[in-house]
Amino acid sequence: MRVMTPSPEDVISILLVEPDPENADLYVDSFADVPTPAEIHTVPDGATALEFVHRRGEYADSPRPDLVLLPFRLPAISGEAVLSELKGEPALKSIPVLVLTAPDDEEIRRSYELHANAVLEKPDSSEGVDSLVRLIERFWLEFVRYPKANA
C-alpha cells in the first residue's frame, strides 16, 4: 500500500480561537484523528486571532485560514467583535467562521446577523469535542470547497 502525502494545497488551514489550553489540546488531538488533512493553528483570544488573520507581528508568515472556529465569548476582544471585523473586511469575509457558543438565543441571533457561516453549541466534554470535530470534518473539510488564497 502506498501512502500519499497531501500537497500543501490540499491541507485545510484551521484557526482555532480557544482561551483554555486544555480545551485547545482536545480540539488539536481530535483533528489529528480525522482523515482529511488539516493544519490547526491555535490562539488564545480575539486580539491574537485578529493578529493571525491580518498576518501581523509574529504571525506575519502565517497561512490564511480556510476555516475559523471562534467562541462567541472571549476575554478582552469578544468573538462578536472578531466576527464583525472578519465579515466586514473584503479580503477576509470569504473565510468561513463557525461560532462556538452556549445555547443562548441572543448570541445565536447576533452571530448570524454578523454573517457567521454556522453557529454550533460549544461542547463541554472531550467526547463532545470529538463528536463536533467529526461533524466539522465530514461537512466543512470533506464536502465544502474553498477558494485558493490570493496572498
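A residue is called buried when its relative accessible area is under 20%, exposed when over 50%, and partly exposed in between, using a 1.4 Å probe and protein chains only. The model you see is predicted, so local features need pLDDT of at least 70 and side-chain atom pairs count only at pLDDT 80 or more, while totals for chains, interfaces and linings use all residues. Residues are numbered from 1 along each chain as its sequence is written, and side-chain values use heavy atoms, leaving out hydrogens and water.

Let's begin with the aromatic rings. Rings of Phe, Tyr and Trp (its six-membered ring) pair if their centres lie within 6.5 Å; planes under 30 degrees apart are stacked, over 60 edge-to-face, and the rest tilted. This rule gives two aromatic pairs. Phe 52 and Tyr 59 have ring centres 5.5 Å apart and planes at 55 degrees, so they are tilted. Tyr 59 is buried at 16% relative accessible area, and Phe 52 is buried at 3%. Phe 139 and Trp 140 form an edge-to-face pair, with 5.1 Å between centres and 85 degrees between planes. Here Trp 140 is buried at 13%, whereas Phe 139 is partly exposed at 44%.

Now for two helices, which are DSSP runs (H or I, at least four residues) numbered from the N terminus. Helix H1 (residues 21–32) packs against helix H5 (residues 126–141) at about 50 degrees, their axes 9 Å apart; axes are lines fitted to C-alpha atoms over the stretch in contact, and angles run from 0 to 180 degrees between N-to-C directions.
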